Amino acid sequence: TGGVQRINAAIGTFPDNYTDFFLDWHYFVFQKDGATKQIWIDGKLFLQGQGTAPWPGDFFQAILGSDNLGGNSMLGLMDDFTVFENALSEAEIRLLASGFPPDQVPPPDLDTDEGGIPDLLELTVGLDPNDPADDTADTDGDGLTNLQEVVDHETDPFLADTDGDGA
């Protein structure tokens, strides 16, 4: 829902919401990529919509946690705030949500060990970007290499039953 400039939804519609949700730390991403606007919570896409109004090109003030008169105060703390020049990929958002430092996120196509899985994806799924052997390994013993799981199928290389069917 929303209009030409915003999207919104009740937090109760977030699948990972729970009673004391706002008493815990969470990682939020608000981004716009072309006409697509997204809200991510803890590395998971919460809301996506289209908006026709562009971001202001010359804004000089960003108000976080309240309106410009000090009303509608946020009941919480903000411990980090980062502005990125471009929209982030799902892998970048997931890596940042895990606590990875923003200034150390590798470029999307960097493959330090030259094993076939980009560093960004290796870090996101828990592999070592400096170890080419883990790209060809079958960590979960399901018959697929980690490279096949991560790059071809976008599945978890540490979980043999990725589709949850018991097999």
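**Basis.** I am working with a predicted model, in which local features need pLDDT of at least 70 and side-chain atom pairs count only at pLDDT 80 or more, while totals for chains, interfaces and linings use all residues. Residues are numbered from 1 along each chain as its sequence is written, and side-chain values use heavy atoms, with hydrogens and water left out.

**Chain.** I listed the elements, taking helices (H or I, at least four residues) and strands (E, at least two) as DSSP runs numbered from the N terminus. The protein chain has four helices and three strands, in the order β-β-β-α-α-α-α along the sequence. Of its 167 residues, 27% count as buried; buried means under 20% relative accessible area, exposed over 50%, and partly exposed in between (1.4 Å probe, protein chains only). I then checked contacts, meaning heavy atoms within 4.5 Å. Among contacts with a separation of 6 or more, 32% join residues 24 or more positions apart.

**Strands.** I counted two strands as paired if DSSP finds at least two bridges between them. β1 and β2 pair in the antiparallel sense over six bridges, and K32 stands opposite K37 in β2. Their hairpin has two residues between the strands, and G34 takes a positive phi near 65° there. β2 (residues 36-41) also pairs with β3 (residues 44-50), again antiparallel and over six bridges. I39 has L47 in β3 as its bridge partner. This second hairpin likewise has two residues between its strands, with D42 at a positive phi near 55°. As a reminder to myself, side chains in a regular strand alternate between the two faces of the sheet.

**H26.** Is H26 buried or exposed? H26 counts as buried because its relative accessibility is 14%. I placed H26 in the segment before β1 (28-33). Leaving out residues up to four places away in sequence, H26 touches Y18, F21, I41 and D42. I also looked up M78, which is 52 residues from H26 in sequence and 9.9 Å from it in space, C-alpha to C-alpha.

**Helix α1.** Why is α1 largely enclosed by the rest of the structure? Six of its eight residues are buried, so the rest of the structure largely encloses α1. I noted the buried ones as A91, E92, I93, L95, L96 and A97; they pack against β1, β2 and α2. G99 follows α1 and has a positive phi, near 105°.

**Pocket.** I took a pocket, on a 1 Å grid over the protein atoms alone, as an open set of points where a 1.4 Å probe fits, with protein on both sides within 12 Å along at least five of seven lines; lining residues have an atom within 4 Å of a point. The second largest pocket has a volume of about 360 Å³. It is lined by 15 residues, of which A91, R94, L121, V150 and E154 are the closest to its centre. A volume is the space filled by probe spheres set on the points, which are joined across faces, edges and corners. α1 (90-97), α2 (119-125) and α4 (146-152) each supply at least two lining residues, and α2 gives the largest share, four residues. By class I recorded eight nonpolar, three polar and four charged residues in this lining. Ala, Val, Leu, Ile, Met, Phe, Trp, Tyr, Cys and Pro count as nonpolar, Asp, Glu, Lys and Arg as charged, and the others, Gly among them, as polar.
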